[in-house]
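Here is a short report for a reader who is new to this structure. Look at the fold on screen, then read on.

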Amino acid sequence: DIEVVGEDEFFLSFTPLTQQLRAQAELLAQADVPVLILGEAGTGKGTVARLIHQMSVYSGFDFLRVNCAEMPADLLEIELFGKGSNDLKSPQAATRTGRGKLETGQKGTLLLDEITQMPLTLQSRLAKVLQDKRFVRSGDPKPVDVHVRVLAASSDKLDRALAEKRLDADFYYRLSAFTVHVPALRQRKEEIKLL
């Protein structure tokens, strides 16, 4: 019933709801497509992402996580795409060098957490990356090929985020081919003792 999925992180499949979630994660692990993981804050969306990664062909490579709510737009862009020779817009940006997570995570899995907190311009750029599997970093004319599995998570109501223009429709379309809903703990109270 308990699977270790990372350092000090485990997936508990004790109730029918979480057993069904695990089976769904196992199926999605075999597909090489983005997956959108939805659920309330604290339900374990990151743990489900790690479970999908662990059961996939990407498991021998890095699992990287970017929380889109924790960084200002310019740093988030550098975190994802890296920094070209002309990307010295701010003192904070100047301290980061080289490749971003889309590049360093090659053959691994990248979890984009709280995607509705990402600026729309970045969402639009990522939608293009998901479509083309490549991007051009500012300051560097050579395209960078992207071979990373993208998982995305949100605790927001996405229909509201779309209506309020906090979520780019094309980005959402590219991410939502497969969607997983993580049940809240109040729906699986039997697990509280084990937790």
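## Strand β3 and its partners

Strand β3 and strand β8 (residues 149-154) pair in the parallel sense over 4 bridges. Strands count as paired if DSSP finds at least two bridges between them. Strands (E, at least two residues) and helices (H or I, at least four) are DSSP runs, numbered from the N terminus. This is a predicted model: local features need pLDDT of at least 70, side-chain atom pairs count only at pLDDT 80 or more, and totals for chains, interfaces and linings use all residues. Residues are numbered from 1 along each chain as its sequence is written, and side-chain values use heavy atoms, with hydrogens and water left out.

Strand β3 also joins strand β9 (residues 179-181) by 3 bridges, and these two run parallel. Leu-38 stands opposite Ser-154 in β8. Leu-38 also stands opposite His-181 in β9. Strand β3 spans residues 35-38, and both of its faces are covered. Val-35 and Ile-37 are buried on one side, Leu-36 and Leu-38 on the other. Buried means under 20% relative accessible area, exposed over 50%, and partly exposed in between (1.4 Å probe, protein chains only).

Pro-34 sits in the loop between α1 and β3. Pro-34 counts as buried, because its relative accessibility is 16%. Which residues does Pro-34 touch, not counting residues up to four places away in sequence? They are Leu-130, Val-150, Arg-174, Leu-175 and Phe-178. Contact here means heavy atoms within 4.5 Å. Pro-34 and Arg-174 are 140 residues apart along the chain, yet their C-alpha atoms are separated by 7.5 Å.

## The β1–β2 hairpin

Strand β1 (residues 2-6) runs antiparallel to β2, joined by 4 bridges. Glu-3 stands opposite Phe-11 in β2. The two strands form a hairpin with 2 residues between them. Asp-8, in the turn, has a positive phi of about 55°.

Helix α2 (residues 45-54) is mostly covered, with 8 of its 10 residues buried. Among them are Lys-45, Val-48, Leu-51 and His-53.

Glu-79 lies in helix α3 (residues 73-81). Glu-79 counts as buried because its relative accessible area is 13%. Its side chain makes a polar contact of 2.5 Å with that of Lys-101. A polar contact is a pair of N or O atoms within 3.5 Å; within protein, one must be able to donate a hydrogen and the other to accept it, and residues adjacent in sequence count only if both atoms are side-chain atoms.

## A buried glycine

Gly-108 lies in the loop between α5 (101-104) and β5 (109-113). Buried or exposed? Gly-108 is buried, because its relative accessible area is 0%. Gly-108 touches Tyr-58, Phe-61, Asp-62, His-147, Val-148 and Arg-149, leaving out residues up to four places away in sequence.

## Two lysines with positive phi

Lys-133 has a positive phi of about 60°, although it is not a glycine. Lys-133 is in the loop between α6 (120-132) and β6 (134-136). Its relative accessible area is 44%, so Lys-133 is partly exposed.

Lys-165, also not a glycine, has a positive phi of about 60°. Lys-165 lies in the loop between α7 (158-163) and α8 (169-175). Its relative accessibility is 62%, so Lys-165 counts as exposed.

The largest pocket has a volume of about 260 Å³. Elements giving two or more residues to its lining are β2 (9-12), α1 (16-29) and α2. Strand β2 gives the largest share, 3 residues. The lining has 16 residues, and Thr-43, Gly-44, Thr-47, Arg-188 and Leu-195 lie nearest the centre. A pocket, on a 1 Å grid over the protein atoms alone, is an open set of points where a 1.4 Å probe fits, with protein on both sides within 12 Å along at least five of seven lines; lining residues have an atom within 4 Å of a point. Grid points are joined across faces, edges and corners, and a volume is the space filled by probe spheres set on the points.

The second largest pocket has a volume of about 220 Å³. Its lining has 13 residues, with Leu-38, Gly-39, Glu-40, Lys-157 and His-181 nearest the centre.
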